[in-house]
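Have the 3D view open while you read.

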Amino acid sequence: MLVASAIVLCLAAALHLYVWLEPACSIESRRIVMKAAGGVGCFEFWLNRYQSLIGSILTTAIAGATLLWVARQFDASRRQTAIAGATVLRLRVAELNCERALVQRILDLLRQISPAPQDVSGPIPMVALNQVRERLVSGWDELAECLREMQTFDLAGDASLAAAPRKIVLNLLFSMQTNLTLGLAAIAEIQRNGIWQDSPVRDRLYKHWSGNVRRAHEAGDFLRQMDGALRSEIATTLKHIQAFERTAIS
């Protein structure tokens, strides 16, 4: 389309030149020169004389029109690429927000599976102990599912700031499972014997709980590091999205 327009403009310019040259060639001195050149017409005389220049102008005009068309095609392609890039990054932000939500859920579950001695204090310790046992079982089942999901996090390789704390969190939380199993076994023994006060099994249970509380605190610190790293990646990704959007609408 652009090339055709350039050709039409060149033809229009040539027609205008023809109209302008005819009265200009009525000068006697110019007629003598044209007669010496073989009696050609005014337009043919000037065309033969400057055909190289005219050819160069036409070639330059066509080349310029072609370059303009290529530039427009490249600009359209650049915008499409920017739109696609922004779309992919928006999906990444949504994924990162889901990962942050999971980290917060694990922090909540850690409090659920980290009982303390005062959790079974009261007028009927055995009833409170049974409630703690149910809380531990349901909490660990949900936590185990969260950990399996955390293992699938796309953290952009080991270079991610969230990769190192995630590895530590997984090790800590999976190590809690052993203490949890031993603690549940101690609870079952206490319930079976019906003895709570001055029971050596109770002391062993408190030891298991104490170990899990310590691990839960450590895991919580690293989970908060993970959350900070994910939040930082979200902020960086949003900046990239804004840059793509500026390119798409420029």
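This is a predicted model: local features need pLDDT of at least 70, side-chain atom pairs count only at pLDDT 80 or more; totals for chains, interfaces and linings use all residues.

Residues are numbered from 1 along each chain as its sequence is written, and side-chain values use heavy atoms, with hydrogens and water left out.

**The overall fold**

The protein chain has seven helices and zero strands, giving the pattern α-α-α-α-α-α-α along the sequence. Helices here are DSSP runs of H or I with at least four residues, strands are runs of E with at least two, and both are numbered from the N terminus. Of the chain's 250 residues, 32% count as buried; buried means under 20% relative accessible area, exposed means over 50%, and partly exposed is in between, using a 1.4 Å probe and protein chains only. Take the contacts (heavy atoms within 4.5 Å) between residues at least 6 apart in sequence: 75% of them join residues at least 24 apart.

How do the helix spans compare with what's expected? The expected span is 1.5 Å times one less than the number of residues.

| Helix | Residues | End-to-end C-alpha distance | Expected span |
|---|---|---|---|
| α5 | 26 residues | 36 Å | 38 Å |
| α7 | 50 residues | 73 Å | 74 Å |

At the start of α7, a side-chain oxygen of Ser199 gets to within 3.2 Å of the backbone nitrogen of Val201.

**The nonpolar core**

A nonpolar core is a set of buried Ala, Val, Leu, Ile, Met, Phe, Trp, Tyr and Cys residues joined through side-chain atoms within 4.5 Å. The largest one has 47 residues, and the members touching the most others are Ile106, Leu110, Met150, Leu173 and Leu223. Helices α4 (51-112), α5 (125-150), α6 and α7 each give two or more residues to this core, with the largest share, 11 residues, coming from α7.

Setting aside neighbours within four places in sequence, Leu173 is in contact with Ile106, Leu110, Trp140, Leu143, Leu147 and Ala219. Among the buried residues of α5 are Trp140, Leu143, Leu147 and Met150.

**The aromatic cluster**

Which residues do ring pairs link into a cluster? They're Trp196, Tyr206 and Trp209. The whole structure holds two aromatic pairs. Rings of Phe, Tyr and Trp (its six-membered ring) pair if their centres lie within 6.5 Å; planes under 30 degrees apart are stacked, over 60 edge-to-face, and the rest tilted.

The rings of Trp196 and Tyr206 have centres 6.0 Å apart and planes at 80°, so that pair is edge-to-face. This pair links distant parts of the chain: Trp196 is in the loop between α6 (163-193) and α7 (200-249), while Tyr206 is in helix α7, 10 residues apart. Tyr206 also pairs with Trp209, this time tilted, at 5.9 Å centre to centre and 45° between the planes. Both lie in helix α7, three residues apart, about one turn of the helix.

Trp196 is buried at 7% relative accessibility and Trp209 is buried at 4%, while Tyr206 is partly exposed at 22%. Trp196 has a charge over its ring too: the charged end of Arg202 sits there, 5.6 Å from the ring centre. That label needs NZ of Lys or CZ of Arg within 6 Å of the ring centre and within 35 degrees of the ring normal.

**Two buried arginines**

Arg92 is in helix α4 and is buried, with a relative accessible area of 12%. A polar contact of 2.9 Å joins its side chain to that of Glu233. Polar contacts are pairs of N or O atoms within 3.5 Å; within protein, one must be able to donate a hydrogen and the other to accept it, and residues adjacent in sequence count only if both atoms are side-chain atoms. Beyond four places in sequence, Arg92 is in contact with Glu99, Asp154, Leu155 and Glu233.

Arg166 lies in helix α6 and is buried at 17% relative accessibility. The side chain of Arg166 reaches the backbone oxygen of Met150 at 3.3 Å. Not counting residues up to four places away in sequence, Arg166 touches Met150, Gln151, Phe153, Leu155 and Met226.
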